[in-house]
Amino acid sequence: MLDKAVAVLDCFRPDGGAFRLTELSARTGLAKTTAFRLCADLVRLGLLERDAETYRLGGALFELGSLVPRRRDLREAALPFLQDLFEATHETVHLGVREGHEVVYIERIHGHDALRLPSRIGGRLPLTCTGVGKALLAFSGSELVEDVLAASLPRLTPHSIIDPDRLRTAIEQAQVAGLAYEEEEAASGVSCIAAPVFDGPTAVAALSVAVPRSRFRPAQLAPAVRTAALGLSRALRSGT
């Protein structure tokens, strides 16, 4: 079905243009009923807009396209700091950004131990179950916090926080300390410490170090994580 949706979107030009359903059906070779269902789904996603009997590209598609270079620039700016953090800890290092109530990982440097982690580049996990996600949540505004707390909290392991009061306390502690912690909440046997990255008043990303629970020493890891996040924040603000 995805390839059919792409075929529909390929009919449109970035500079505009609108098509009736019959035209889209003819251009894609799809049955009219199939084209109608796909267009309805794409309208709900904001990738198409419907005006009377015609369809045109929606604003969400342009927004998605603009995210690609921004994320690439962020990753390139972050790599030296992630590499420094890896050299300082020799543990698995992550960089992530927020999309809705999820963290999307855009870089990962593997530590010397083969940790079994659910994170992967391009992958998504709940904000509430990860160190990176908690750091983003704590520094992305009170409205997001209340939205997340009002929703059903996901459980990835028996240690995941699913009580809103406990999660609120963890967020408040992160806001005070400037660091977020996760202890076996995304993967059993793995703990994490994370710090937000700023390019303005709210966090644009967060980076973290994940280590086996048996040697999780927050006091030893915190200075390196905080230094990397501060360095990247300064680089982003200065445009270097």
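At 36% relative accessibility, His90 counts as partly exposed, a class that lies between buried, under 20% relative accessible area, and exposed, over 50%, as computed with a 1.4 Å probe on protein chains only. His90 is found in the loop between helix H4 (59-89) and strand E4 (92-99), where helices (H or I, at least four residues) and strands (E, at least two) are DSSP runs numbered from the N terminus. The model is a predicted one, in which local features need pLDDT of at least 70 and side-chain atom pairs count only at pLDDT 80 or more, while totals for chains, interfaces and linings use all residues. Residues are numbered from 1 along each chain as its sequence is written, and side-chain values use heavy atoms, with hydrogens and water left out.

**Overall make-up**

- The protein has eight helices and nine strands, and buried residues make up 46% of its 240 residues.
- Among contacts between residues at least 6 apart in sequence, 54% join residues at least 24 apart, a contact being heavy atoms within 4.5 Å.

**Positive phi values**

- His90 has a phi near 55°, which is a positive value in a residue other than glycine.
- Glu184 also has a positive phi, near 60°, and is likewise a residue other than glycine; Glu184 sits in the loop between E7 and strand E8 (190-198).
- With a relative accessible area of 17%, Glu184 is buried, whereas His90 is partly exposed.

**Helices H2 and H3**

- Two packed helices are described by the angle between their axes and the distance between the axes.
- The axes of helix H2 (residues 21-28) and helix H3 (residues 32-44) come within 9 Å and cross at roughly 110°; the axes are lines fitted to C-alpha atoms, for helices over the stretch in contact, and angles run from 0 to 180 degrees between N-to-C directions.
- That angle makes H2 roughly perpendicular to H3, since angles of 65 to 115 degrees count as roughly perpendicular, those under 35 as roughly parallel, those over 145 as roughly antiparallel and the rest as oblique.
- On the H2 side the contact is made by Leu21, Thr22, Leu24 and Ser25, and on the H3 side by Lys32, Ala35, Phe36 and Cys39.
- Sorted by class, the contact of H2 with H3 has five nonpolar, two polar and one charged residues, where Ala, Val, Leu, Ile, Met, Phe, Trp, Tyr, Cys and Pro count as nonpolar, Asp, Glu, Lys and Arg as charged, and the others, Gly among them, as polar.

**Cavity and pocket**

- A search of the whole structure finds one cavity of 30 Å³ or more; on a 1 Å grid over the protein atoms alone, a cavity is a set of points where a 1.4 Å probe fits but cannot get out, a pocket is an open set with protein on both sides within 12 Å along at least five of seven lines, and lining residues have an atom within 4 Å of a point.
- The largest cavity has a volume of about 120 Å³, a volume being the space filled by probe spheres set on the grid points, which are joined across faces, edges and corners.
- Of the 16 residues that line the largest cavity, His94, Tyr105, Leu117, Glu182 and Ala186 are the closest to its centre, and the lining divides into 10 nonpolar, five polar and one charged.
- The second largest pocket has a volume of about 220 Å³ and is lined by 14 residues, of which Lys134, Ile161, Ala170, Gln173 and Tyr181 lie nearest its centre.
- Helix H7 (164-177) and strand E7 (180-183) are the elements that give two or more residues to the lining of this pocket, and H7 gives the most, with six residues.

- Leu236, found in helix H8 (residues 218-238), is buried with a relative accessible area of 19%, and its C-alpha atom is separated by 9.3 Å from that of Gly200, 36 residues apart along the chain.
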